[in-house]
Structures are given as C-alpha cells and as structure tokens.
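Please keep the structure open while reading.

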Amino acid sequence: MKEQQERLTLLADELRKGNERVFTEIYEMTQQGLHVYALMLMKDPEKTQVLMQDTYMKIFESAHTLRDPARFMPWAKRILYTQAMTYYRRQGKEHVLVDE
C-alpha cells in the first residue's frame with residue numbers, strides 16, 4: 001500500500017509538471033476509489049459515469065494547480081465533489097452533503 005502511495009505521489013508530481021504520459025497510470029490507480037465516492041454522491045450509475053469523465057477531465061486540466069502531490073487523492077476527491085455539486089445546481093436539485 002505504501003509503495004502504491006509513493007508511486008501515485010511520483011506520478012502526480014510528473015503530471016503537475018506537465019508530463020501527460022503518466023495520466024493513464026494515474027487513472028488506473030485511482031478510478032476505483034473515486035468511482036465508489038462518485039456513486040455515493042450520485043446514486044445513479046449512468047450519472048456516475050458522466051461525473052467520472054468530467055472529474056478526470058478537470059484533473060487533467062488542473063494538474064498544474066496541485067500543490068502537494070502526496071495529497072493527490074484528497075485533491076481529486078475535492079474536484080469530484082465540486083463537479084457533483086455543479087451537476088446538481090445545473091439540474092436545479094437540492095443536493096445532500098456527504099461527509100468526505
């Protein structure tokens with residue numbers, strides 16, 4: 001587990017520096033954990049897939065803003081949460097806050 005976290009930290013640092021080639025590996029390492037969180041927020045598999053796509057696009061676009069690569073997952077979860085709340089606001093629905 002520690003080795004995986006260290007690897008993710010290294011990859012996140014590379015992505016932050018502009019190395020786009022590491023994105024696929026980051027996705028493979030993080031998608032399962034983020035998917036569980038997204039499903040918890042959306043409660044709908046189809047909407048969850050859309051949220052996941054939007055989240056990874058935002059992660060890719062915002063990688064340069066990551067301050068601490070060791071905190072990639074909390075940063076990514078915050079992006080996912082923000083994307084979910086944006087979705088609910090656009091739908092005009094009240095959202096339920098879920099403890100992170």
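In this predicted model, there is 1 cavity of 30 Å³ or more. The largest cavity holds about 40 Å³ of space. The largest pocket has a volume of about 220 Å³.

**The cavity**

- Lining residues of the largest cavity are M42, K47, V50, L51, D54, Q83 and Y87.
- Two or more of these residues come from each of α3 and α4.
- Helix α3 gives the largest share of the lining, 4 residues.
- By class, the cavity lining splits into 4 nonpolar, 1 polar and 2 charged residues.

**The pocket**

- Around the largest pocket sit M1, Q4, Q5, L8, M29, T30, G33 and M73.
- Helices α1 (2-16) and α2 (23-42) each contribute at least two residues to this lining.
- The pocket lining counts 4 nonpolar and 4 polar residues, with no charged residues.

**Helix α3: length and faces**

- Helix α3 covers residues 45-62, which makes 18 residues.
- From first C-alpha to last, α3 reaches 25 Å, close to the 26 Å expected at 1.5 Å a residue.
- Which residues of α3 are buried? They are T48, L51, M52, T55, Y56, I59 and S62.
- Viewed down the axis of α3, these buried residues fall within an arc of 135°, so they line one face of the helix.
- What covers the buried residues of α3? The cover includes α2 and α4 (72-91).
- On the face of α3 turned away from the buried side are the exposed residues E46, Q53 and M57.
- L51 is one of the buried residues of α3, and L51 is also among the residues that line the largest cavity.

**Q49 on α3**

- Q49 belongs to helix α3.
- Q49 and L39 are 10 residues apart along the chain, and their C-alpha atoms are separated by 8.7 Å.

**How the spaces are found**

- Empty space is shown by rolling a probe the size of a water molecule over the atoms.

Methods. Residues numbered from 1 in each chain as written. Predicted model: local features only at pLDDT ≥ 70, side-chain atom pairs only at ≥ 80, totals over all residues. Heavy atoms only, no water. 1 Å grid on protein atoms, 1.4 Å probe; cavity = no way out; pocket = protein on both sides within 12 Å on 5 of 7 lines; lining within 4 Å. Points joined across faces, edges and corners; volume = space filled by probe spheres on them. Nonpolar A, V, L, I, M, F, W, Y, C, P; charged D, E, K, R; others polar. Expected span 1.5 Å × (residues − 1). Buried < 20%, exposed > 50% of the residue type's maximum accessible area, 1.4 Å probe, protein only. Arc of directions from axis to C-beta. Contact = heavy atoms within 4.5 Å.
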